[in-house]
Amino acid sequence: MTPEDSLRTLSLDYLNLLINGQAFSDVTFSVEGRLVHAHRCILAARSLFFRKCFCGPESPFGLRTGPFGGVGLASSPRGATAGSQVIPVNTVGYEVFLLMLQFLYSGQVSILPQKHEPRPNCGERSCWHTHCTAAVDLTLDTLSAARSFGVEQLALLTQKQLVSMVEKASIEDVMKVLIASRKQDMHQLWTTCSHLVAKSGLPPEILAKHLPLIL
């Protein structure tokens, strides 16, 4: 077995622990009414944010503010692991939160929506969701979550994916990414989007609003 094979196996083993780990879970999140079982030691090892939450002076949890957006610990609903604490997560959707955990557990993740899976913001039944509005929105939401939870490696991965996406995305989606990149100080992404918008033929007043440094 090569070192690459060994790392791949380790990654899959940890990912399977997330997928099938209810029996070993010691923390449970409630996201959009659905329970997500996880393991504090893994989250703390992979994320400074979770390390502070679980091991900091305000443990168990200064979770009343910040990206959780919750009000502290919830009572254990049906399906929660016995003895685990249930943390409400109100500022991140279930799909995005699960993608973030998958990255923390395995070091890799596919941010694109499932191919040909119907999406509320993509009307094409045969779309592969590589650069449509559904794909752009999911990637932007994942980027925002990665920034909020301090998962910088995931944030860098999503930025690179967005740079690739906007080359083929609609101008409306490019503008959406442009605005997000300005708000979050992502200079490379902003530069890529601003040049695409500048070449798009949009009315000068719209360009002047979003591209003041170029105009």
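What share of the 215 residues of the chain counts as buried? The figure is 43%. The model is predicted. Its secondary structure comes to nine helices and three strands. Along the sequence, the pattern reads α-β-β-α-α-β-α-α-α-α-α-α.

- Helix H1 covers residues 3-20 and includes Leu7.
- Leu7 has 58% relative accessibility, so Leu7 counts as exposed. The cut-off for exposed is over 50%.
- H1 packs against helix H4, residues 94-106. The angle is about 140 degrees, and the axes lie 8 Å apart. H1 is therefore oblique to H4. Roughly antiparallel would need an angle over 145 degrees.
- The crossing of H1 past H4 is right-handed.

**Salt bridge Asp26-Arg40**

- The chain has four salt bridges by the rule applied. One of them pairs Asp26 with Arg40. Their closest N and O atoms are 3.5 Å apart.
- This pair links distant parts of the chain, 14 residues apart. Asp26 sits in the loop between H1 and strand S1 (27-31). Arg40 belongs to helix H2, residues 40-46.
- Asp26 counts as partly exposed because its relative accessibility is 26%. Arg40, at 29%, also counts as partly exposed.

- Asp137 and Lys176 form a salt bridge, with 2.8 Å between the closest N and O atoms. The pair links distant parts of the chain: Asp137 in helix H5 (residues 133-148) and Lys176 in helix H7 (residues 171-183). They are 39 residues apart.
- Asp173 also forms a salt bridge with Lys176. Here the closest N and O atoms are 3.2 Å apart.
- Asp173 and Lys176 are three residues apart in helix H7, so about one helical turn separates them.

- Is Asp173 buried or exposed? Asp173 is buried, with a relative accessible area of 4%.
- Asp137 counts as buried because its relative accessibility is 19%. The cut-off for buried is under 20%.
- Lys176 counts as partly exposed, at 30% relative accessibility.

Methods: Residues are numbered from 1 along each chain as its sequence is written. This is a predicted model: local features need pLDDT of at least 70, side-chain atom pairs count only at pLDDT 80 or more; totals for chains, interfaces and linings use all residues. Side-chain values use heavy atoms; hydrogens and water are left out. Helices (H or I, at least four residues) and strands (E, at least two) are DSSP runs, numbered from the N terminus. Buried means under 20% relative accessible area, exposed over 50%, partly exposed in between (1.4 Å probe, protein chains only). Axes are lines fitted to C-alpha atoms, for helices over the stretch in contact, and angles run from 0 to 180 degrees between N-to-C directions. Angles under 35 degrees count as roughly parallel, over 145 as roughly antiparallel, 65 to 115 as roughly perpendicular and the rest as oblique. A crossing is left-handed if the near helix is turned anticlockwise from the far one by less than a right angle, and right-handed if clockwise. A salt bridge is a side-chain nitrogen of Lys or Arg within 4 Å of a carboxyl oxygen of Asp or Glu.
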